[in-house]
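Thank you for making time this morning.

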Amino acid sequence: MTRLAPVDEKENPEFMAVLAELTQSRGKASNALRSMGHAPEGLRRLAAVGDYARYHSSVSARIREIVIVITGRESSYAMGHHGPLAVQAGVTQDEVDALCRGTVPVSFQGVDAAVARYVLEFTSKSSVSDACFEALKEWMTPREITDVSITSAYYVAFAMIATAMGVTHDSEDYVKAELDWQRKKDQG
């Protein structure tokens, strides 16, 4: 259950303006984004990082969703959105399930395996080992490594906020619309 009363955009012009911006970049504002409406400028700035991670980074849709699934694996809200998005991006359901258990799927090779190991370490208390970072450098450019890191860091924050705020899950129709929106964005 949502812990803060929702912000009525009709009563808050600043929040209404941010929602209009979010609609431009994402098609619609999710319940999690709306939950941050009490701080419209903070929402705007955090959403800008999310917009970059989702739509403008240098990594493929598949890599992006591997990063997000690992990062958000303990958030039912995140998995309600990014489990299906990962499958849409070519990650099998068995692979999603393994990532949610915090393991690298046995089917992952090359860049997929290196990214999965990196994000598992990135989101751990001890961070990334030298060996893991060097292995990732064999598969990715410095920009791609930075984009993977930014994406994971954003989704750590996003999942923590959604969980702390007790955000209500978005409807099945919303998630389907998000899948369509993301497919169109990924296809350019």
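Predicted model: local features only at pLDDT ≥ 70, side-chain atom pairs only at ≥ 80, totals over all residues.

Residues are numbered from 1 along each chain as its sequence is written, and side-chain values use heavy atoms, with hydrogens and water left out.

Let me start with the aromatic rings. Rings of Phe, Tyr and Trp, the last by its six-membered ring, are paired if their centres lie within 6.5 Å, and planes under 30 degrees apart count as stacked, over 60 as edge-to-face, and the rest as tilted. By this rule there are six aromatic pairs. One of them joins Tyr77 and Phe158, a tilted pair with 6.4 Å from centre to centre and 45° between the planes. Tyr77 belongs to helix α5 and Phe158 to helix α9, residues 142-165, so this pair ties together parts that are 81 residues apart in sequence; helices here are DSSP runs of H or I with at least four residues, numbered from the N terminus. Both Tyr77 and Phe158 are buried, where buried means under 20% relative accessible area, exposed means over 50%, and partly exposed lies in between, with a 1.4 Å probe and protein chains only. Tyr154 and Tyr155 have ring centres 4.7 Å apart and planes at 90°, so that pair is edge-to-face. Tyr154 is buried at a relative accessible area of 3%, and Tyr155 is buried as well, at 4%. Together, Tyr77, Tyr154, Tyr155 and Phe158 make up one aromatic cluster.

Staying with helix α5, which covers residues 76-88, we find His81. What does His81 touch, leaving aside residues up to four places away in sequence? Its partners are Asp170, Tyr174, Val175 and Glu178, with contact meaning heavy atoms within 4.5 Å. His81 is itself buried, with a relative accessible area of 5%.

Next comes helix α6, residues 93-100, where Glu95, Val96, Ala98 and Leu99 are buried. Seen down the axis of α6, the buried residues fall within an arc of 160°, so they line one face of the helix; the arc is taken from the directions from the helix axis to the C-beta atoms. These buried residues of α6 pack against α4 (61-71), α5 and α7. After α6 comes Gly102, with a positive phi near 80°.

Ser127 also has a positive phi, near 70°, and is a residue other than glycine. Ser127 sits in the loop between α7 (110-122) and α8 (130-137), and at 36% relative accessibility it counts as partly exposed.

Finally, the cysteines. How many disulfides does the structure hold? The count is zero, a disulfide being a pair of cysteine sulfur atoms within 2.5 Å. The sulfur of Cys100 has its closest cysteine sulfur in Cys132, 19 Å away, which is too far for a bond. Cys100 is partly exposed at 27% relative accessibility, whereas Cys132 is buried, with a relative accessible area of 8%.

Conventions. Helix = DSSP H or I, 4+ residues; strand = E, 2+ residues; numbered from the N terminus.
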